[in-house]
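Trainee: I would like to learn how to read contacts and strand pairing in a model. Please take them in turn.

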Amino acid sequence: MWSDRDAFPVTPGGDCTVFIQGRDANGRVDSRILEERIQEAVRQGCTKIEVQAYGQHGIGGRLWFTGGSHVKVDVFGHPGQRVGAMGSPFTTVEVHAPASDDVGWLNAGATIIVHGDATNGVANAMAQGRIYIAGDIGARGMTMTKHNPRFDPPELWVLGGTGDSFAEFMAGGIAVVCGIDSRSKEGYILGHRPCVGMVGGKIFFRGHQKEISDADAVFVRITDEEWDWLRSGLSRFLKAIGKEYLEEELTHDRSAWELVVARRPSEKRTRDRIPMGRFRKEVWDRELGPGGLIGDISKVDSSRIGVIETGELRRFVPHWENESAMSPCQAACPTGIPVQKRWSLVRMGEIEKAVDLALAYTPFPATVCGYLCPNLCMEACTRRAKGMTPVDTSVLGRASIEAKDPSPSPPSGRKVAIIGGGPAGLSVAWQLWMKGHDPVVFDRDARLGGKIRDVIPFSRIPKEVFDRELRRVEEKITRVRLEDPFSEQLFEDIVNRHDFTVIAVGANDPRTLSVKGARRTIAALDFLRAAKRNKMKVKGNVVVIGAGNVGCDVATEAYRLGASSVTLVDIQKPASFGKEREAAEALGAKFVWPVRTERITDDGVVLSDGSTIPADMVVVSIGDTPNLEFLPDTIDTESGMIRVDERYRTSRDRVYAIGDCVRQGLITDAIGAGRIVASDIDARLKGEDATFDRMPSVDVARIRLEYYEPQALTEHDDLASCAQTCASCGLCRDCGMCEAVCPTQAISRRELQGGLFEYAADPGKCIGCGFCAGACPCGIWEMRENDPLV
Amino acid sequence: MEPMGTLRPNLLSPRDLPWRIVWDRDRCTLCGRCTAACPTRSIELGVHRKRSLEVKAGLAVKPSNVYAVYHGIDQVAHASRVCVGCGLCSQVCPNAAIFPVRSEEIDKVRFHVSEGGEPRRRGGRRNDPNSLLDRIKFIRISMLTDPALDAGRHEFELRTLLGRIPPPEDMLEEASRPDGWVPPVREVYPLMVGGMSFGALSPTMWEGLQMGVAYLNEELGMPVRICTGEGGCPPRLLRSRFLKYVILQIASGYFGWDEILHALPDMKEDPCAIEIKYGQGAKPGDGGLLMWYKVNSLIGAIRGVPVGVSLPSPPTHQTKYSIEESVAKMIQSMYMAWGFRVPVYPKISGTTTALAVLNNIARNPYAAALAIDGEDGGTGAAYNVSMNHMGHPIASNVRDAYLNLVRIGKQNEIPIVAAGGVGKNGNLAANAAALIMLGASAVQVGKYIMQACGGCVGSETDRCNICNIGLCPKGITSQDPRIYRRLDPEDVAQRLVDVFVSFDVELKKIMAPLGRSTSLPIGMSDALGIDDEGAAKRLGIQYVV
């Protein structure tokens, strides 16, 4: 293949020995050509090759084509880099001089002997074979070496010491560094930073080495087996480099040898750094003082806690806030009756107590709650807000007819005059009586009761019900019948003779229409008063001007007394609602609006559009005004009504005014006003200042109606079923839901004296999850932030 | 009483919220841990009525309704208790029954956070996950052209200089004069922990970071420095040797500075440096907003203020009326406090006026450095609008400043410290290296540290971000022991060590292939490229596609 093959300066020696000259007539033989000549000699069967080297690359390497014979290459002169590179197991390369870089690079089996020093990179990437160096080596020796399990591990034997970065990334094989006559710096027989990235293999060395890569390698004890291996290997090494005389020096003291091995991967993870906990204790806290950075200014424990904690470490604490907020029904009731409390008593089987409770608030629980009141409590009922039928309070109201009298406080001997014996006046009287005072009611009529007795039809309030309740009040109070027309003088007398005076004269002067023919009409008040005594004759068509609730009462009564038709007209959308309106409509009353009455003729009511509604009787029902002719100038009025403050005090000291003479309203408004006035008077009589701070209303969103069956509510007609469906807003119904739902069993029920009870959360168990608050049907449990710790 | 189903503008359905709570009824054991843990009380136990019709086949029996009641975990839809997606519920759930998921479309809460006329305030960072720094690549891969460096084996000089370095001739002249002065210079690690105040951070977080820094210095020999932020410095730290690892910050509120002055006679070491904060990248033109409920006795003691008062810092220093005065007056005062032995440098938020500040600093021989904090920085509390819409990106600010210094031949005299969004998407070393190669001598990092060392779950897409209200689920920014004790300072310290050691490896992995040098490649912008022509032109780096 080479045209000038014959020109090879091959000098045959004995036994097929060739001598290959690294320099010829043309000067230095190129590395490529020298390689070709060596390979050719091997191919020709030469087993001993001598090379006179002049810096050629890779001498003695790659001699794989020997046909199985062993080839010895002796190198004289100055070999270049990578002597014996990619060496084969059939090769021994002996360099009779120092060697350059990368001796035995990628050696795969050759034995390479260097009689002198070798520079950098000895044995780099060696996988098999042995390298014997009779001096020192340069940097990065034994780096990237491997151990293929199919073969024996590669070996590097160094008589002296190594340069820096020895055994970097060493992955297998054995290095032996004897430390004889080394020029290494004291303490660095393996140079600086040896064993960085070492993952396999072992290094025996003799001499002092101050550092190895602690992360990667570790010193271990030499076993007997290893020592035997080392001794026999040393013997072979010393023989190879012709220094058998050193054997005694190298082997007489086993303790002079050290062994370094690669750390296993599992050992690398636990590198020998001081743990942070120890650093904190021994360095950090020692310098700063106990408690560390802020140990001097904070005494708060700062040890680790979990996210879920109990006791003072909870973020939120549940509070059992029973009866600390007002239910919507009670809040809506002008009289202020705690409806939910009454249902609660019914649920507890205390029906009598539930019934009696009403008398603490009103003298007419059956009359008003049971019949006449539009039941604002039911309007406000939480159930209605969520689309369910409200609890029917009127059932409870009607049952109150049987209520037992409360016991009044001991008599105080103080007299309070009440002018007017209607619901407002009787409410004040009732409350003052309960508080031990002496109320005196002044009234013109034969009996007390005002409009309830005189005006409101029996169809709306059965006679026996009201009579019974009225009697209950009348028995307790002093009554003065006013015969004469009520005058300013009389009023002043009354005021002067009593500790306090309450004006409750109502509104008894009907408003009149100022249209032509108004004299043909009758006022609703007069109509109803006469109708109730069956003194009113009615027939034919009746027209009621003014379609409010009083108008509806007129219509109902008119039908009862024989009217063939009743038409209610109004100039605006009729204000009537509820039971009165329903009763009138049920009887056939027609509502016509918006219309304006032009005049009234014998034929009927002529409207502004010229049409006529035929009428045999025209009743005007456009409201009543109070008759205040007796009022002295010292009491201010406003638009025909008495002006009062929020406690119903007038501009005159010790004089109050309530009811329709203050503003037209419901009976329950009048009764509620009476309670407020009685409380204020009572407080003043005792020299106190009455407070009227109402409890906050319960947050309806916290009431859980999901616990109730919506369908069961359509026909709750008895006390028991009403009581069961009441959501008991703000009042614990003692259902045990919180106990059941608490995930840590922190909540328990406790009996208190007097049949009372309470629920409480054990701080030692409670995690502040708020389940009790979320699950409570009545909105009792409230989560609040725990008290600040700092 | 309102009718059922009433609508009001701010009544939202759970679908309108930024995060929805997914709850699995079958998996839930009703243990109460999620509702006990939720920082914002966004979930609660709910009661539900389940109706089913009972119909007998054949219709011989009249159909009836059957009602059953069950309990479950409900999401609160009110804007004041909106779920922030922190995920603490799922972390404490023993059964993987609950977790938050982000709503698929833009939430509607953002239109109602103005209730009462008070704009939204929050903690966190700019809501923008994009990062120009992430797009900068290191395109000069030196395999054969320069000495090939090996990140694992070569020793790199990962050090930078913090302090004014006058030209050698000036320095020699100064040094030879009997009353001459050579500016103090610190050789420090190029990645610093940026200013996060004691107050913004919880005591456990703050101590953990300081402990980690001490460990890095004393156990690993890494000269890492940490800035206090504006909130004073615990007296013990001031009187300890660890003070030398600390950069004390003074800002417009001057909180805690009387305590620092009181400690002067007891100081064993000088602090590393003094940082004068003029602005913060996350909320330019706005000061600190520490609210009263975070100011407990501990914060009060460190800041030197009474307990339970809000501590807003003014947007600017109150007694300075011009740039010359601002810079010169403050720098002089702070130098004097430590006998001219401690470098003093100003920190500004990224701004188009940065060069004017730099110009002034270049002419002030005392100014030790200039720190610029870009718009992507974080904060414990700021107005949403400041965070999202105000500020200047850090990259072009740093680049302009560096090139300006090059133009006047002072690039080796005045170090530029860059901050703001470094590692915002987790690429800490790459972002830091990019800024260094654009011209920064050092980089400050805060948010990344909170995420890596405290487990902060905040994000640039508005997750959590409730640092300002003291309810940090991880205890990083709370002053309530019930919350901050969840965090162990040792863990924080260990994580800080891990972060810096790993950063060290990554930075070397970037530096080694660049070749050339084992020193920090400050301003080595020829190795940078970006796939955006405009950005490349603006930054003076290569446009590569």
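Mentor: What follows goes from the chain contact to one helix pair, then to domains and strands. This is a predicted model, in which local features need pLDDT of at least 70, side-chain atom pairs count only at pLDDT 80 or more, and totals for chains, interfaces and linings use all residues. Residues are numbered from 1 along each chain as its sequence is written, while chains are lettered from A and ligands numbered from 1 in the order in which they are written.

Trainee: How many residues of chain A are in contact with chain B?

Mentor: Two residues are in contact if their C-beta atoms, placed from the backbone, lie within 7 Å. Here 50 residues of chain A are in contact with 51 residues of chain B. Helix 5 of chain A gives the most to this side of chain A, with eight residues. Helices are DSSP runs of H or I with at least four residues, strands are runs of E with at least two, and both are numbered from the N terminus. By class, the side of chain A that touches chain B has 26 nonpolar, 13 polar and 11 charged residues. Ala, Val, Leu, Ile, Met, Phe, Trp, Tyr, Cys and Pro count as nonpolar, Asp, Glu, Lys and Arg as charged, and the others, Gly among them, as polar.

Trainee: At what angle do helix 5 of chain A and helix 5 of chain B pack?

Mentor: Axes are lines fitted to C-alpha atoms, for helices over the stretch in contact, and angles run from 0 to 180 degrees between N-to-C directions. Helix 5 (residues 276–288) of chain A and helix 5 (residues 203–218) of chain B pack at about 85 degrees, with axes 11 Å apart. The two helices are therefore roughly perpendicular (under 35 degrees is roughly parallel, over 145 roughly antiparallel, 65 to 115 roughly perpendicular and the rest oblique). Residues meeting there include F279(A) and W284(A) from chain A, and M211(B) and Y215(B) from chain B.

Trainee: Which domains does the assignment give for chain B?

Mentor: Domain bounds come from an automatic or database domain assignment. For chain B it gives domain 1 (14–55 + 62–118) and domain 2 (132–543). Their C-alpha centres lie 41 Å apart, and eight residues of domain 1 are in contact with eight of domain 2.

Trainee: In which sense do strand 16 and strand 17 of chain A pair?

Mentor: Two strands pair if DSSP finds at least two bridges between them. Strand 16 (residues 415–419) and strand 17 (residues 438–443) of chain A pair in the parallel sense over five bridges. V416(A) stands opposite P439(A) in strand 17 of chain A.
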